[in-house]
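Visitor: Good morning. Could you show me the structure and guide me through it?

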Amino acid sequence: MRQKMAVGNWKMNGTGAALAELQALAAAQGAARAEILICPAATLLSRAADVVKDSSIAIGGQNCHAATAGAHTGDISAEMLKDAGASAVILGHSERRADHAESSEEVGAKVCAAWEAGLMTVICVGETLTEREAGDTLNVVAAQLKASLPDGATGENTVLAYEPVWSIGTGKVPSLAQIAKVHNFIRAELTTRFGAEMAESTRLLYGGSVKPGNAAQIFAVSNVDGALVGGASLTAEEFIPIISALDAS
Ligand code: PGA
């Protein structure tokens, strides 16, 4: 059985004051069955890790460099994330692919670096609206998966997030049938490449405008093992009902 998972991606939001939300989440989520991972800005990592240290909530980064150290001004290595208290890192988010022109090959190199440092990776894939309208969704997802996911992936070191780019932060959500189609496809791709054991143990998260009002429906979809949540993870008030819906699914 795959443990359900809720990941909060705080993106470039939050200063020290935002830790009150994490405190409230930790206080409320003692009994949650789902695994909960919060990925705050790098500046908050060690303070966030401190806030959740007596809870089951884990802390993750939002990106790392593929190199272990060196002359890369402004970048952060996987080992540094780990040292700051992270146990995981989001890689290949569409905002990084778009804002920083990250290719799937670069994402794959970062994934290797993260595994080397002992971090679990939450790897994001997903099509743009133009790609969907051209009927290319499955081809795009297949190509991203192929290059972003290195050999050596297991259900322990890898979580995959399907995030249609046109759904992120827009309030637009694919139909449940569209979500099912892509999630079933990803599971099948993993089976072909890595075998049934890896495919069956790897969590597949849906991401893109997940809110308290649509979470239960999305969590009922075949092969959806949880969610990667942006906007609605910023407050305990919105994130807690999403976790409750996941626990009830
Ligand atoms: P959203 O973001 O929930 O605000 O749409 C999801 C994400 O980018 O991970």
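**The ligand and its surroundings**

Guide: A backbone N or O atom of Gly 169 lies 2.7 Å from an oxygen atom of the ligand, which is a polar contact (a pair of N or O atoms within 3.5 Å). This is a predicted model, in which local features need pLDDT of at least 70, side-chain atom pairs count only at pLDDT 80 or more, and totals for chains, interfaces and linings use all residues. Residues are numbered from 1 along each chain as its sequence is written, and side-chain values use heavy atoms, with hydrogens and water left out.

Visitor: What lies 2.6 Å from an oxygen atom of the ligand?

Guide: An N or O atom in the side chain of His 93 does. For Gly 231, a polar backbone atom is 2.9 Å from an oxygen atom of the ligand. On its own the ligand has 280 Å² of accessible area (Shrake-Rupley method, 1.4 Å probe), and the protein covers 96% of that.

Visitor: How many residues surround the ligand?

Guide: There are 13, each with a heavy atom within 4 Å of the ligand. The closest are Lys 11, His 93, Glu 163, Gly 169 and Ser 209.

Visitor: Let us turn to Thr 158. Is Thr 158 buried or exposed?

Guide: Thr 158 counts as buried because its relative accessibility is 0%; buried means under 20% relative accessible area, with a 1.4 Å probe and protein chains only. Thr 158 is found in strand E6, where strands are DSSP E runs of at least two residues and helices are H or I runs of at least four, numbered from the N terminus.

Visitor: What does Thr 158 touch?

Guide: Leaving out residues up to four places away in sequence, its contacts (heavy atoms within 4.5 Å) include Trp 115, Met 120, Leu 149 and Arg 203. A polar contact of 2.7 Å also joins the side chains of Thr 158 and Asn 157.

Visitor: And which residues of H7 are buried?

Guide: They are Thr 137, Val 140, Val 141, Ala 142, Gln 144, Leu 145 and Ser 148. The buried residues of H7 pack against several elements, including helix H4, helix H8 and strand E6.

Visitor: Which residues touch the most other members in the largest nonpolar core?

Guide: Of its 62 residues, these are Leu 22, Ile 38, Ile 186, Phe 219 and Phe 239. Such a core is a set of buried Ala, Val, Leu, Ile, Met, Phe, Trp, Tyr and Cys residues joined through side-chain atoms within 4.5 Å. The largest share of this core, six residues, comes from H8.

Note on methods. Buried < 20%, exposed > 50% of the residue type's maximum accessible area, 1.4 Å probe, protein only. Polar contact = N/O pair within 3.5 Å; in protein donor to acceptor, adjacent residues only side chain to side chain.
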